[in-house]
Amino acid sequence: MRICFLFLGCPFGSTCCLCAQDFTSVTASLHPDKASATVDKDPETGWQLTAKELDTQQHLMYVLQNPGDLNAVHIRGKGFSAENIRELIRLYVTYDPMNLGDPVPYTVSGDQTFTLSFQPKYGAHLRVQLAGKVVHTPVIIHEIRIAYDWSRETNTSQAAKEMPWMNVNRPVEERIDLLLAAMTTAEKMELLREGWGIPGIPHLGIPDIKKVEAIHGFSYGTGATVFPQSIGLGATWNRKLVEEVAGVIGEETVSVHATQAWSPVLDVAQDPRWGRCEETYGEDPVLVTEIGDAWVKGYQDKELMTTPKHFGEHGAPLGGTRLARYRAIRTGMARDSPGTFPGDLPQA
């Protein structure tokens, strides 16, 4: 087991393995400007909540640089005890922060610094959630650190290198066929699912892919540069400027070890009642083409992946509403997929 601290410095002792690069950002439900104090080198700073604020649920969300099998969270703070932690804190280890899943069951040990231990759980995000109306006095979290169980990763990584599809001397098509034959249906669906990136399948040698939205700036952490929305970038009619903007977004993406952007939006906005016009470069196909091409060039010059979108009925709504699904059925696009969409459709 290797312990990686979410801060610079080692107030917990001199035997720690400093791994500040193992996280990329932390956000909070309240006082987001103080959330980073839980990962700094100062044990006197922290994220503090009043008794009134603890009447409702609160949380901290950490983004890890490298997904892995977490098996412990260490919390140093005030206002905690082993007894109230069990009722107060829920831990979520997930790859998709929009779908947390169930909280991990854990055991608590320690005094002042508490260790919440659990069975290894693979993820790229850690959510520390505080339930409301459990404690009635202020609490402060000074520092949080995490621990990984690297045994499975080490074993599976070595085994994956010996898989036949990892042999670069084999033809590509043969390697693909071998890999697909080895994958279970669940594993294939996991890769198709897509959440906040692609989790990967470590024991098969398939790496994860971290993504960001990046439409007008790196969007999953505080401190990033925020540029005008896409409609504003399109209004510049300036390819060079937009390429430079995308390059800056790309540099910030690289800095947090993400590799893919869900951008640019190449929908052509021709109805101002549509609710996502601001994500587009405008109503002119030529303008959208030129500005979109510049954005792709600037971002991909950082050796990153872009995801031009949406095309499939998305940007041409009926009456300004997002009725792409219903339009798809009416026009026969979903004719071969009965049951995909509801049968009783509203009239446009």
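Strands β9, β10 and β11 form an open sheet in the order β9-β10-β11, with mixed pairing. Strands β9 (197-198) and β11 (260-261) stand at the edges with a single partner strand each, so one side of each is left without a neighbour in the sheet. Strands here are DSSP runs of E of at least two residues, helices are runs of H or I of at least four residues, and both are numbered from the N terminus. Two strands count as paired if DSSP finds at least two bridges between them. Strand β9 and strand β10 (residues 209-212) run antiparallel and are joined by two bridges. Within this pair, Gly197 has Lys210 in β10 as its bridge partner.

The structure is a predicted model, in which local features need pLDDT of at least 70 and side-chain atom pairs count only at pLDDT 80 or more, while totals for chains, interfaces and linings use all residues. Residues are numbered from 1 along each chain as its sequence is written, and side-chain values use heavy atoms, with hydrogens and water left out.

The protein contains nine helices and 11 strands. Of its 348 residues, 45% are buried. A residue is called buried when its relative accessible area is under 20%, exposed when it is over 50%, and partly exposed in between (1.4 Å probe, protein chains only). The accessible surface of the protein is about 17,900 Å², and carbon and sulfur atoms account for 55% of it. These areas come from the Shrake-Rupley method with a 1.4 Å probe, and for residues only the protein chains shown count as cover. Among contacts between residues at least 6 apart in sequence, 69% join residues at least 24 apart; a contact means heavy atoms within 4.5 Å.

Strand β7 (residues 113-130) is mostly covered, since 13 of its 18 residues are buried. Strand β4 (residues 58-78) pairs with β7 in the antiparallel sense over 14 bridges, and Arg76 has Thr113 in β7 as its bridge partner. Strand β5 (residues 89-94) also runs antiparallel to β7, with six bridges between them; in β7, Val128 stands opposite Leu91. A further antiparallel pairing, over five bridges, joins β7 to strand β6 (residues 107-111). Here Val108 stands opposite Leu116 in β7. The hairpin of β6 and β7 has one residue between the strands, and Gln112 takes a positive phi near 75° in this hairpin.

Helix α8 was examined next. Its 16 residues should span 22 Å at 1.5 Å a residue, and its end C-alpha atoms are 22 Å apart, which agrees. The expected span is 1.5 Å times one less than the number of residues in the helix. At the start of α8, a side-chain oxygen of Asp284 lies within 3.0 Å of the backbone nitrogen of Val286. Buried residues in α8 include Leu287, Ile291, Trp295 and Gly298. The cover over the buried residues of α8 includes β10, α6 (230-235), α7 and β11.

Gly247 is part of helix α7 and is buried, with a relative accessible area of 9%. When residues up to four places away in sequence are not counted, Gly247 touches Gly298 and Lys302. Gly247 and Lys302 are 55 residues apart in sequence, yet their C-alpha atoms are 7.0 Å apart in space.

Side chains of opposite charge can pair when their charged atoms come close. A salt bridge is defined as a side-chain nitrogen of Lys or Arg within 4 Å of a carboxyl oxygen of Asp or Glu, and the count by this rule is 13. In the salt bridge between Glu174 and Arg170, the closest N and O atoms are 2.4 Å apart. Glu174 is partly exposed at 33% relative accessibility, and Arg170 is partly exposed at 29%. Lys211 forms a salt bridge with Glu213, with the closest N and O atoms 3.2 Å apart; Lys211 is buried, at 2% relative accessibility. Glu243 and Lys297 form another salt bridge, with a closest N to O distance of 3.2 Å. This pair links distant parts of the chain, as Glu243 lies in helix α7 (residues 239-255) and Lys297 in helix α8 (residues 285-300), 54 residues apart. Glu243 is partly exposed with a relative accessible area of 23%, and Lys297 is partly exposed with 40%.

Terms used
A polar contact is a pair of N or O atoms within 3.5 Å; within protein, one must be able to donate a hydrogen and the other to accept it, and residues adjacent in sequence count only if both atoms are side-chain atoms.
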